[in-house]
Amino acid sequence: MASLTLDRLGKSFGAGRAVDDVSLTVQPGAFLALLGPSGCGKTTLLRLVAGLERPTAGAIRIGERVVCDDRSFVEPEARGLGMVFQSYALWPHMSVAGNVGFGLKVQGLTPAERRRRVAAALETVGLGGYGARRPAELSGGQRQRVALARCLALEPPLILLDEPLANLDAHLRGAMQREFRRIHRESGTTFVYVTHDQSEAMALADRIAVLDRGRLQQIASPTELWRAPANAMVAGFIGGAAMLPVDVVAVEPDGTRRITLAGQVLAVPGLAEPGAGLLALRPADVELLPIEAARASRLPTAVVTDSVYRGDGFVCDLRVEGLADAPLQAVATAALEPGAAVGLRLRGGWVVPASDGG
């Protein structure tokens, strides 16, 4: 296993900056997910680490070895990394064992050592006994495990994974997520995993780096990202929170923010300093009340614009009174007709600055 350090890394394509001044450190044995919307720079960042692209600025260190800076560049084949792609990239004419052992043969290992490593890698990914089969005889999930076994057999200090589960159906992705967690835990190898699927990142990684427009927005554990997003981009992307404009009146001694929302004064945790802010609210953060009870308690009110059944309740689209351009969602136990007036009681939420400064 090895650490990975990026120091002010940048990559430009013409006038566009695909990766913009990114610095981060991945500890040995960690599982880091690079997460963000399409075009945010996560795959370019992975290709820079692999050596498939040359940066226009910054440095990359794997363990104690500098593989790229303004004076030197180590070619991809000399970095000793493993890579797993969306496509399995298996040789169809070779057996499973032949595919897994191909890189070992190129390295010049003895036949006995190749057999040992191939067998160990296939056991790790749960495919012991599949060595004689051809890729065409395997399911999609099994082929992806062969691709991962091929990496593990090389015993790399770091494995880079570029949306490896994107081509699998939803049920199989869930099963493979469990397999990837187990394999990472048992192998102890450092994983850096690109995905646009936040639920996948949350399920797999112990640290998540959120990117947007080439810039690192936040790097944190899944629970910290969910509970304490650093800015409006992260809050809106992780969990699809609604962002309601508020005025932050004061920061209380316990760290909560006293805010005004549509004329009502509320206390909510967050990061924003006094001034303009945004209140991030997910559906679970909002409890719907009878309109009379809300008015009596001077709580915010809203009008239902739509209601859709989602199995565990009815997801309601709401228009908050006084905030016509700030839609909100909440979950109701019974269907509510469009036009119904309801009260809002907050049981969660997080206040971020109205501007991220970038």
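Author: Let's start with a term: a residue is buried under 20% relative accessible area, exposed over 50%, and partly exposed in between (1.4 Å probe, protein chains only). This is a predicted model, where local features need pLDDT of at least 70, side-chain atom pairs count only at pLDDT 80 or more, and totals for chains, interfaces and linings use all residues. Residues are numbered from 1 along each chain as its sequence is written, and side-chain values use heavy atoms, with hydrogens and water left out.

Reader: Okay, is phenylalanine 314 buried or exposed?

Author: Phenylalanine 314 counts as buried because its relative accessibility is 18%. Tyrosine 309 has 52%, so tyrosine 309 counts as exposed.

Reader: How do I read a pair of aromatic rings?

Author: You describe the pair by the distance of the centres and the angle of the planes. Here, rings of Phe, Tyr and Trp (its six-membered ring) pair if their centres lie within 6.5 Å; planes under 30 degrees apart are stacked, over 60 edge-to-face, and the rest tilted. Searching the whole structure turns up five aromatic pairs. Tyrosine 309 and phenylalanine 314 make a tilted one, 5.0 Å centre to centre with 50° between the planes. Ring pairs also join Phe31, Phe180, Phe191 and Tyr193 into a cluster.

Reader: And which residue does arginine 282 lie over?

Author: A charge sits over a ring if NZ of Lys or CZ of Arg is within 6 Å of the ring centre and within 35 degrees of the ring normal. Arginine 282 lies over the face of tryptophan 226, 3.7 Å from the ring centre. Arginine 54 lies over the face of phenylalanine 73, at 3.9 Å from the ring centre.
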